[in-house]
Structure formats: structure tokens, C-alpha cells
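Please read these notes with the model open.

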Amino acid sequence: MTDSDSPATAPSARTPSGTATSTATAPASAPVAKKVPFERTHHGHTFVDDYEWMREKESPEVIAHLEAENAWTNAQTAHLEGLQESIFTEIRTRIKETDMSVPNRRGRYWYFSRTKAGLDYGISVRLPISDPDDWTPPEVGEEPLPGEEVVFDSNIAAAGQEFFSLGSFSLSDDGSRLLYGVDTTGDERYTLRVRDLGTGDDLTDTIEGTFAGASLDPSGRFVFYTTVDDAWRPEKVWRHVVGTDSSDDVCIFHEPDERFFVGSGFSRSGRMMFVVTGSKTTTGYWRLSADDLESEPQEIWPRVDGVEYNVEHAIIGGEDRFLITHNRNRADFELVDVPAAEPTAAGRDVIAAGAHSGVSHELSIDDLRIEDVDAFADFIVLSYRRGGFARVGIVRLCEASSPFGPLQELPFGRETGSLYLGNNPEFAQASIRLHFTSMSTPAVIYSHRVAGGTDTVLKRQPVLGSVDLDDYTETLLWAKAEDGTDIPISIVCRKDLRRFGDDDTPASVMEGTGNGGDAMNGTAASAKGEPAPLLLYGYGSYEASMDPYFSVSRLSLLDRGVVFAIAHVRGGGEMGRHWYDQGKTTAKKNTFTDFIDVARHLIDTGWTSPDRLVASGGSAGGLLMGAIANTAPELFAGISAEVPFVDALTSILMPELPLTVIEWEEWGDPLHDPEVYEYMRSYSPYENVTEAAYPRILAVTSLNDTRVLYVEPAKWVARLREVGADALLRTEMVAGHGGASGRYDAWKEIAFEYAWILDVLGRSDVEIEA
């Protein structure tokens, strides 16, 4: 199990140029970008963009400018190199470098992965099961078990590459073949290959330029993969026969509508393959029987604008059925089952109103935002949100006349935390693998036996070094937005920094007990009663929920007296579909004002102060960072923006760019709608930079990012510096949207970002014990 930071915060990891730190003379001043006026005119409005010339990625002048920015960033952070090294060492000391995952049964093998100290990537291995009734995972240690064999070693595959990403990993049911896809540039184009696991050799099959998520059919005969159009939109699904040339591959599905992505995959049962098309608001499903994969895909429900649905194959009473979660009648979705032979026939409600148990009060379907369903031989597992948190419930399959039992929620007995369904490859499992984590609880993997309701802990995320997990505490706060909406805030900090009362007003910083009497043994943020330094994270787009989670690397902040908070702002999905709807298109500004109201709440209640508050967000969360920098710069001492979407209006006006057309359902269509144009123009960070006293700003990007192009933060920083802002740009020259790929490089980049944050917060001189 590895440590991770927020899913929206994954910057690159090498030094900015992708090589060792330069010993060249440090630049005497920040780069000054030249101005080349470029007029952009829409709906009678003209915007003069002086830095659009930076979009020419292949231009030597653009590369030289990015390298100059990197040199300036290196010079401005040179005094933090010792702190960066300390944080990197802390992370490395606390993470078990030689570790292994909990084995999962698939067919005749137990599959698991190993990490080894000094190696960047995991090694996938397997062990034969002892007999068909063997459902108890073997105990795995650091040494290989008798009969253990390597399935795939990413370290060998990544040898000699500056970047490595595994985008597909699919096995045949009998374990004889492996399909894998590799990206070595960061542009998310993968080369597919098929490996014979009996010999360990790759077959002659090579398929270039595919999208992520290809799959091998259960028999191992066919490969199904997706390719993209010129705008990087997955548009076609192809069938490849293993052992043939890719030039003979057959396109089985083409989606011409630019609003839709297309993908494919097999059901958990392995008996159905689905082709899925999805926009931000509409879904379509087609199916193929695994017994006839060379037939034409058949549509399951007619695609209707505004209707989203998800399909899972189940076997109920010996009959093939489809479990369909949909929002035809309910914004937060409902679940029905229909006959697979006639999916448009009237369905049966799987969850009847009020038929829930396993918690302290009777649940109604109105309490749930249904997110996913997984079918097993004897039960159904439902993943949903309730009260802002991820939850899991089970529905038993009963007799045919009344096939569904009540929804039984699996409680975790905590105010805060997230429970997820883990990896469960087998259809006939009697137990399910679950994952739990919270801000102060390292991830726990356990097995829940459905029939008896018993739980067995299989693994706890190891945290090494001098860490005492009892030193940390978490709480859930609520801030009042300007329109009266209550915004949840997840908080974690050290217990000896703060105590929580009945309300969200923090108690005074406690008197310490050692090393000079300061709280936290010399690492308290301030004198008794003063506000603490605080890092506030936000995202708020695409209905993505930023669930509370544990991070080993974050301990380096907490132990230096920093409070970490997540603002669960609208535009995310934490509180249900309405939470998303109230933070998208022409309601997008709610995301920004929510974050500002959370910051003000934390200041007003004494948690922190403007000179001790840093904001952080990445990608669409980087747009949030740019917006709050323009509208409330006085509230923050610093802003860290990773791969930030800060030139939003320019990008959304360009349908030829990757992802733009499909994004119109998220942000609106400013190209054709003048009201949307004016609305986006009023908040798009780049063109709303003003003569203000900005906080310190760090922008991190990647040259090969296909989701948020490097040009956006590059232009933004140039404009910010033009008005006198202390803004730094760091560009990873060999990486994509997720940054560098190796775990050690990733830890180094986290250390770089945290060192900058601690410097802004005035905590860079604090020493702690790892």
C-alpha cells in the first residue's frame, strides 16, 4: 500500500528540467516574458492576449522561456533545499518501502504486488491457489513464497525511460495471458502488448496510440481497446484478435458526437462486455455476450439527453438480469433490475423506500446518492454517499418471488471517514474486500463475510518511524456560505496543537511538556491561544468528492504545527447531485465563494489568520486557486496551484483543443452562448488579474499534459508578475497531467511543494523527528 496525496494534487517530481539540479549561476531576476498582442474576439468583445505566443510548444523560444522560469524557481527556493531533503527523508522513513499488497483471488491464482526499497514501481506477482475452496489469502512476507511467480515487473519495463505509466493491465480468466499498456512520455497514449505468462515472453502483437483501459476478454482470444480523435476524445472501440496484425483490427463502435467519450469493459461476471458512451449529463450502453464477441453491440436503453445510467450484469433466480442505476426520475439515482433479454421491459425496484437496516435509524432512499452497484452470485453491493461520506451497503438475493432483501449499511462507527468497496475479482465470493480510511486513520483493508456479518482485518497501512497515530485528531466543521448553505470542512491536526469542544471554536494551544515547554515539543505554531498555520485544500468540479483520507507525507506538515483542511465546496459530489449542480456552468462562482467563506470561517473562529493561511488545489482546483487569488487575495499568505486550469475561457473557446467540446456541459458553451461567455469572462483567472496585493503563488505544470496545457499556468504567471506578484512557475519537461511517475520522484515533488508552503507559513525552520 502506498501513500498518496489528493487525487487532484499530483505534480511532477524531478527538478524542473527533468535532470539533476543545475550548478549554473543563479539568475539575478525573474524572467520577463515578451508581449505579442493577440486579439481574441467573440460576441462583440475583444480580449488582447499578450502571452498567447507561449502556446507554440515546439518553439525553441517557448522552451527557453520555460527553462528560464525553472531556473528562477530553483534560485528562489534554493534556501529550502535542506528542508526539502528533510521532508523527503521523513516520507521515505515513514513509508514501508519493501511492502506487499493483500492477495486477491482470480481464477486459479492469488494475485498481489510487491514494492522493494530502491525501486520506483511495483512488481505484480501471483501464487497458485491450493484448491477450489481456498478463499483465505496467503500470508505474504518480504521473501517470495514457494511457487510465487512474477507476472509483470514495471521496473524492468520502465528501465531507461524518464517517464513510465501503466494504462492497462488485463488478464485472461485462466491466467495464461496478460494485456498491458505503457505510456513513456506522459501524453496518455499507450502502446499495448500481450504477454504469454507461461513463457514470460511478449507475443508479436503491438498496438500503438491507444487510450487507457483496454481489456482482454476472459478467454484471452480478443483485445478490446479505444482510440482517440484529434481532440484527444476517445471515439472508437476496436477488436483485435490475439496473434494477428493490428492493421486487421475491426472497429466495432464509433461515437461521432463530440460531446461523448466512449469506452468498453467486461462485467464482473465476465459474461457480458459493455460499450459505454458518456457526456457530462448523458449515458448510453451497448452489450455483447462473452459467448459471441464478434457480433454487433446491442443498445440496452435508448440514449436520452439528460439521462445517466450504469449497467451491471447479475444472475438472479438463474436468469440473466441487468442492474441499472439511473436518474430518470431521481437526481440522486435509483436502482432497478430488468431482464437482460428485454432490458426496456418494466423493471423491479431493488431498493424499496424505507427498506434499510444496519444503522441507528431507518434509512430512506432519499438519504442516499447512489454511485455504483456490483453484482455477486448471492448478493449485491451498493456504493453510495450518505451525510457527505462514502458508504457501502449489501442487498441479499433471496427467492425469485421476492428476490431482494433490505439494504444493510456497513457502519464504521465514526463521525468522519470513508468506506469503499475494494478489489473483488471473483463473482462467487462469499466475502467482500473493503477499504476504510480517514484523516487520522491509515487505510485499513478488511474482509466482510456477508453471510455472518463478520469482519477480518487483512492489512493496516504501515506508518514507520517515530510516528504515534494517537498524536493526531480530526473533526468535521461547517461553514455558512453567503447564501446560507452549510459547507462541510474536514480538519486534521495534532492533538497537542488543538483540542475540540462541542462547537467548532478551537481551544487554546496547549502548554508543552518538554524541550523548553513549547507545545508539540518545540514545534508549536505560536504562543498559547494564537491562530495556527493552516493549509486549505479545495477542488469543487465534475461531481468529484474529495473524501477525507490519510496521508503519510502530510505528517511532515502536521508535525510542524500546520493544520490541514479540505473545503468540500459545491461543484463536487460530497452532498449529492444538487451539490454538483450548484457549482457548475452559470452557478460556478458558488465553488469560489464557498471556498472563500470557508477561509473566512476558519479565520473568524480563530483556527488561523490570513498571514498563516495557504490555499492549495490542482487542475480544476487550480482554477479555484486562480479565482480566489483574484477575488480575495487578502485572505491568503500563499497559493499553491498544480497543473492549474487558469486560462479557462480561452481553452473552452477552442473546440480543437483536447476535451473542449465535452467540457461545455461542465462549464457552459461560451463559443455559441454570449451569456456563458460573459459569465466565464467574469471569473476566468488569467484575464481577471488586477493591480492587487497578491499572496505568494507557486504554479506547477507539465510540458506534456494533455488535460490542462502548460501554456495556461505559463501565461498566468507572466501576467501575475506583470502586476508585481511574487509568482513562481515550475514546469516538468518530461511528464503529463499526473506529473512524474516514479514514487521517489513523487515524494521529492511533494517535499518541494511542502517546503515552499512551510516557508510561506513561517515554519521552514522547524525541525522534527521522523
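The points below take the basis of the model, then a serine, then the strands.

1. This is a predicted model: local features need pLDDT of at least 70, side-chain atom pairs count only at pLDDT 80 or more, and totals for chains, interfaces and linings use all residues. Numbering starts from 1 along each chain as its sequence is written, and side-chain values use heavy atoms, leaving out hydrogens and water.

2. Ser 267 sits in the loop between β16 (261–266) and β17 (272–278). Strands are DSSP runs (E, at least two residues), numbered from the N terminus. Ser 267 is buried, at 7% relative accessible area (buried means under 20%, with a 1.4 Å probe and protein chains only).

3. The side chains of Ser 267 and Ser 269 make a polar contact at 2.8 Å (a pair of N or O atoms within 3.5 Å, one able to donate a hydrogen and the other to accept it). Beyond four places in sequence, Ser 267 contacts Met 272, Phe 274, Glu 312 and His 313 (heavy atoms within 4.5 Å).

4. Val 182 has Thr 191 of β10 as its bridge partner.

5. In β35 (534–538), five of five residues are buried. Leu 534, Leu 536 and Gly 538 point one way, Leu 535 and Tyr 537 the other.

6. β35 pairs parallel with β36 (563–567) over five bridges. Four bridges join β35 to β37 (613–618), also parallel. Leu 536 has Ala 565 as bridge partner in β36 and Ala 615 in β37.

Conventions. Buried < 20%, exposed > 50% of the residue type's maximum accessible area, 1.4 Å probe, protein only. Pairing = 2+ DSSP bridges.
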